[in-house]
Amino acid sequence: SDISLDKPMEFRLDELDKALRVAEKMGVDLIPMYTEPFRAGNQGHSLREEWDEVESVWAIPDTHATRLAPVRGNSMEPTLHDGDVVAIKRMEFRIDEPLSIPFGEIFGIVVRTSDDPDDREYLDYIKRLDRHPESDKHLTHWIAHSDNDKYKDFEIRIDRVASLWRVKASVAVQRFS
């Protein structure tokens, strides 16, 4: 009775029974919140899958996402702030159709650090993706763009993209002075 079914709700892992009841009432699936963040910056973040653990689950109305992840850094301000949480859904894309993604949208991008497809070292970013302006590169590279003007755009080689996650929603952290 004290539960609002129209706002995002976070549940600890020991509250899964309650979370399932609330999600059923809301008509939504539970979305796991992972510890591994996407980095808002131009250096990327070394991604180590063994550190990626579920810390809680969320019920969020009108959001069709499969995972939640924190944002670290300020390169996507004012849209996303350090500490905000993004609801993301994996987006399949074909490397031979690199222009088929919705350019201008915000993505979580996981990029291999080398040309070796068996290499398990990755960097991750949260950026807007744009079509490369140079005609000789628009089929091989995307431009990663920050909303914060203090950060410069940079190229991402499409053949190194290990996974692409479309941002479906964000949950802002409320800040108090």
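Predicted model: local features only at pLDDT ≥ 70, side-chain atom pairs only at ≥ 80, totals over all residues.
1. For one of them, Tyr125 and Phe154, the ring centres are 5.1 Å apart and the planes meet at 50°, so the pair is classed as tilted. An angle of this size falls in that class because stacked requires planes under 30 degrees apart and edge-to-face requires over 60.

2. The Tyr125–Phe154 pair links distant parts of the chain, the two residues being 29 residues apart. Tyr125 belongs to strand E9 (residues 122–131), and Phe154 to strand E11 (residues 154–157). Both Tyr125 and Phe154 are buried.

3. Asp84 is located in the loop between strand E6 (67–72) and strand E7 (85–90). Its relative accessible area is 2%, so Asp84 counts as buried, the cut-off being under 20%. The side chain of Asp84 reaches the backbone nitrogen of His81 at 2.8 Å.

4. His141 is part of strand E10 (residues 141–145). With a relative accessible area of 14%, His141 is likewise buried. The side chains of His141 and Thr140 are joined by a polar contact of 2.8 Å.

5. Where do the contacts of His141 lie once its neighbours within four places in sequence are left aside? His141 is then in contact with His132, Glu155, Ile156, Arg157 and Ile158.

Definitions and conventions. Residues numbered from 1 in each chain as written. Heavy atoms only, no water. Phe/Tyr/Trp six-rings, centres within 6.5 Å; stacked < 30°, edge-to-face > 60°. Helix = DSSP H or I, 4+ residues; strand = E, 2+ residues; numbered from the N terminus. Buried < 20%, exposed > 50% of the residue type's maximum accessible area, 1.4 Å probe, protein only. Polar contact = N/O pair within 3.5 Å; in protein donor to acceptor, adjacent residues only side chain to side chain. Contact = heavy atoms within 4.5 Å.
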